[in-house]
Amino acid sequence: MYIKGNSLNLQYEFGEYLAKVLPAYYCEQVLVFYQENQLHFDIWEAKRDKNFYTKHYQRNLLEVEYNAAVKGKMVRYYIFYKNNPNQIIGCVNFHEIKRGAFCSCQIGYKIHHKFCNQGIGKETVSKLIDYIFAQSGLHRIEALIHPENAPSIALAEKVGFEREGIAKGAVMLCGQWQDMYRYGLVNNDKEI
């Protein structure tokens, strides 16, 4: 994420939470997060690489993501409780960052199944959106959500996203191209 002076705060604290862009040595914690949530996440995800659930794969992915964050290409914040900085409770990522006339990105988010329905998603996603809008100069954030993913739809709407339509055949899931709801959120506070 290009943020004033071509640098990014790789860590952000708010309330009882800590959001961090993780370096590669967190690969074991990230692997545990995905293993513990495989059934919870995989139904809404594109097909994963056969090696996704390995420490080596996660180490490489974290390294790529960390470098992309530093270069302003994307940013994935892993969420922790401040008083337990070793267990990942979720993640929020901002990707497909476009500059120029668009000044937009896509958002994705995941909450550990043990922490669902506790308001964590709403608070962390909302705070990180506010932070990204304030720091990045982005004007718009979009989300593509499967029509049957009721928890994700509810979260998007709670933090202010509006359904704008349907993206036909947008994502390959379960061997089929599937339609997704397209949601958008515009930064109305940004000075032009």
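Which residue forms a salt bridge with Arg140, and how many Å apart are the closest N and O atoms? The partner is Glu142, and the closest N and O atoms lie 2.9 Å apart. The legends below describe a predicted model.

**View 1. The salt bridge between Glu142 and Arg140 joins two buried residues.** Glu142 has a relative accessibility of 17%, and Arg140 has one of 18%. Both residues count as buried because buried means under 20% relative accessible area.

**View 2. Asp42, Glu45, Arg48 and Lys110 belong to one network of salt bridges that share partners.**

**View 3. Strands β6 and β8 pair in the antiparallel sense.** Residues 140-145 form β6, residues 176-186 form β8, and six bridges link the two strands. Arg140 stands opposite Val186 in β8.

**View 4. Eight strands form an open sheet with mixed pairing.** The strand order is β1-β2-β3-β4-β5-β6-β8-β7. At the edges are β1 (11-14) and β7 (162-173), each of which pairs on one side only. From one strand to the next, the twist averages 25°.

**View 5. Helix α1 packs on the sheet.** This helix, residues 27-36, touches β3 (75-81), β4 (90-98) and β5 (104-111). The direction of α1 makes about 85° with that of β3.

Conventions:
Residues are numbered from 1 along each chain as its sequence is written. This is a predicted model: local features need pLDDT of at least 70, side-chain atom pairs count only at pLDDT 80 or more; totals for chains, interfaces and linings use all residues. Side-chain values use heavy atoms; hydrogens and water are left out. Two strands pair if DSSP finds at least two bridges between them. Helices (H or I, at least four residues) and strands (E, at least two) are DSSP runs, numbered from the N terminus. Axes are lines fitted to C-alpha atoms, for helices over the stretch in contact, and angles run from 0 to 180 degrees between N-to-C directions. Contact means heavy atoms within 4.5 Å. A salt bridge is a side-chain nitrogen of Lys or Arg within 4 Å of a carboxyl oxygen of Asp or Glu. Buried means under 20% relative accessible area, exposed over 50%, partly exposed in between (1.4 Å probe, protein chains only).
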